[in-house]
Amino acid sequence: MNKFENTFLKNLILIILCILGSINISPGQTAMVNVEARETISLNGEWNAIIDPSGSGDYRQVWLDKKPQLKTDFFEYSFEGGPVLNVPGDFNTQMKELNYYEGIVWYKKPFNYSVKSGKRVFLHFGAVNYLADVYLNGVKIGSHEGGFTPFQFEITEKIKEGENSLIVRVDNRRLPKGLPGVGFDWLNYGGITRDVDLVETDVSFIEDYFIQLEKGSLNTVLGWVRLNGNQAKQEVTVEIPELDLRHVANTDAEGFAGIEFNMKPELWSPSEPKLYQVIIKSKTDVVIDSIGFRSIEVQGNKVLLNQQPIFLKAVNIHEENPYKRARAFSRDDARILLESAKELGCNMVRLVHYPHNEYMVKEAEKMGLMVWNELPVYQHIQFSDSLVPNKMENMLNEMISRDKNRGGVVVWALSNETYPGTANRDKELIELSEKCRANDSTRLVVHVTNSQTYRDHTFDIQDTLFLHSDLISINEYIGWYIPWQGKPSETKWKVAFPDKPIFISEFGGEAKFGNNDTPQDEAANWTEGYQEQIYLDQIEMFKTTPNLVGVSPWLLYDYKSLGRMHPVHQQGFNRKGLISEDGEKKKAWYVIKDYYSAEKDQIPK
Ligand code: GCB
């Protein structure tokens, strides 16, 4: 058999195994170093910027960063003497002029580097919203589309001894064929919004690994390790010192080794978020990660965490630091949001509507919050465009690639409120679900819809997408956008899939903190009392919901959204928060807090 046939056959077997679910996750094909557990050289800090609303930087070739040599040379741009922007961080909140800006900004970072022989170098971006073109020393090294997932380029051959210059063209204009598309209900923060790092590795290095429990098992680890470089065939070890465990495996000619071993870990759970130090070693490399082990699955109409039915007490969170009114990007930002979720009594956070930064995911895991990660496949997506399916798949792979070893992550949510009538919607989302399951068979795969009807006080849920979703996950705003048609406690349900668990992923209404002028029995729209009543009614309705496995109020904090322009009540904020952007708790907060403290985490089998 020649090399091609050999590789082809291996891939085929791998794909079949993945489909059968016997391998948890398929290794990606591109050379990407997993930076999550590595020391890095940070390129964060102050970057020079050129704001380019007309796009003229493209024909002026700003990436060449030319400086006049002769009196007759002239270039109508310069990074020096212009604005300075902090990275990470959105650009909108760093300069008044950029408040609502959607357009091009050029960023430049000069940095020194000392070339080390026998090392490879990668340039890693946590996220850039939305399009990024990256130039090193005047040469384009790559582009990336998508505002919320990491990407990287190997620059071993391109980085120089001494001074280097990195230039990034960032464009956050909305694209009808983008993900998300043009219409969305949050602020379109642009910029280099997450960390930028250099990562050094040896020539042969541990490119990636997947170390998690096999689906449904409490003691079998099923995963893989993949090496990159000229020494593909090696012995690799996976060690968990606290469990006195050392597993040895041998990588094949492609650098790949399947990993399978048994152990008796203390399981990760919201009440005991146990993480183990896991050490992965090859001849030339070592990576150390902190990994939690748990199982998550749907059995019949229940969600089981570690084989026990669990009620998901979630809250929706946007990636915004309310106090800074800016895109959240740091561990401190994450703590603010997640501590509020803990205080509310949550055991899960739904991180909407795009993958949040890695600090959110890691801190949540440490704090015992299960994480729902979501793709920005939101409302108006052009599924029949020839490129959109690829974009969805890339983002899916980037999201899974970053967070696959985070035991706290229990849900991959692939879409939110897409419309059943849209051409190719079902086909593309079904294919995406299959790709997700083939990539990672260990987590729940979920689609969120609002396609149900509510007539004659009855919810009618039909969307066939739910055949491909582990949960029936619905957003409903009864009491806010749609009035109640009867007593909440007498709500009726007609569900086309009667055996599936139901999760209410959004509900609520808007109130401006402190708007308490009206007595509660006459409370009008926008008052805290009105919002509070919506929540009280919803809780009554939950008692009628068949197979209810959890709920997630919309949402934790008031957040910025351009569409929310009521001059008195909204002022550019979606006011459905349980807490205001100044940290004031609204009446509805206490309703949910009481509900969560009364509701048991574990539900009877
Ligand atoms: C929804 C969307 C969410 C919105 C929310 C609202 O259904 O999923 O992104 O922001 O409603 O406030 O209307």
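The text below takes up the helices in turn and then the ligand.

This is a predicted model, in which local features need pLDDT of at least 70 and side-chain atom pairs count only at pLDDT 80 or more, while totals for chains, interfaces and linings use all residues. Residues are numbered from 1 along each chain as its sequence is written, and side-chain values use heavy atoms, with hydrogens and water left out.

**Helix 3**

Helices (H or I, at least four residues) and strands (E, at least two) are DSSP runs, numbered from the N terminus. Helix 3 has 14 residues and spans 20 Å from its first C-alpha to its last. That is close to the expected 20 Å at 1.5 Å a residue, where the expected span is 1.5 Å times one less than the number of residues.

Its buried residues (under 20% relative accessible area, 1.4 Å probe, protein chains only) are Asp333, Ala334, Leu337, Leu338, Ser340, Ala341 and Leu344. They lie on the same side of helix 3, because they cover an arc of only 150 degrees around the axis; the arc is taken from the directions from the helix axis to the C-beta atoms. Among the elements they pack against are strand 21 (312-317), helix 4 (358-367) and helix 8 (587-598). Glycine 345 follows helix 3 and has a positive phi, near 100 degrees.

Leaving aside neighbours within four places in sequence, aspartate 333 is in contact (heavy atoms within 4.5 Å) with Asn321, Lys324, Arg327 and Ala328. Its side chain makes a polar contact with the side chain of lysine 324 at 3.1 Å. A polar contact is a pair of N or O atoms within 3.5 Å; within protein, one must be able to donate a hydrogen and the other to accept it, and residues adjacent in sequence count only if both atoms are side-chain atoms. A polar atom of the aspartate 333 side chain also lies 2.8 Å from the backbone nitrogen of phenylalanine 329.

**Helix 4**

At its start, a side-chain oxygen of asparagine 357 comes within 3.0 Å of the backbone nitrogen of tyrosine 359. Glycine 368 follows helix 4, with a positive phi near 80 degrees.

**Ligand**

| Residue | Distance |
|---|---|
| Histidine 353 | 2.7 Å |
| Tyrosine 477 | 3.3 Å |
| Glutamate 506 | 2.8 Å |

The protein covers 94% of the 320 Å² of accessible area that the ligand has on its own, by the Shrake-Rupley method with a 1.4 Å probe.

Notes. Buried means under 20% relative accessible area, exposed over 50%, partly exposed in between (1.4 Å probe, protein chains only).
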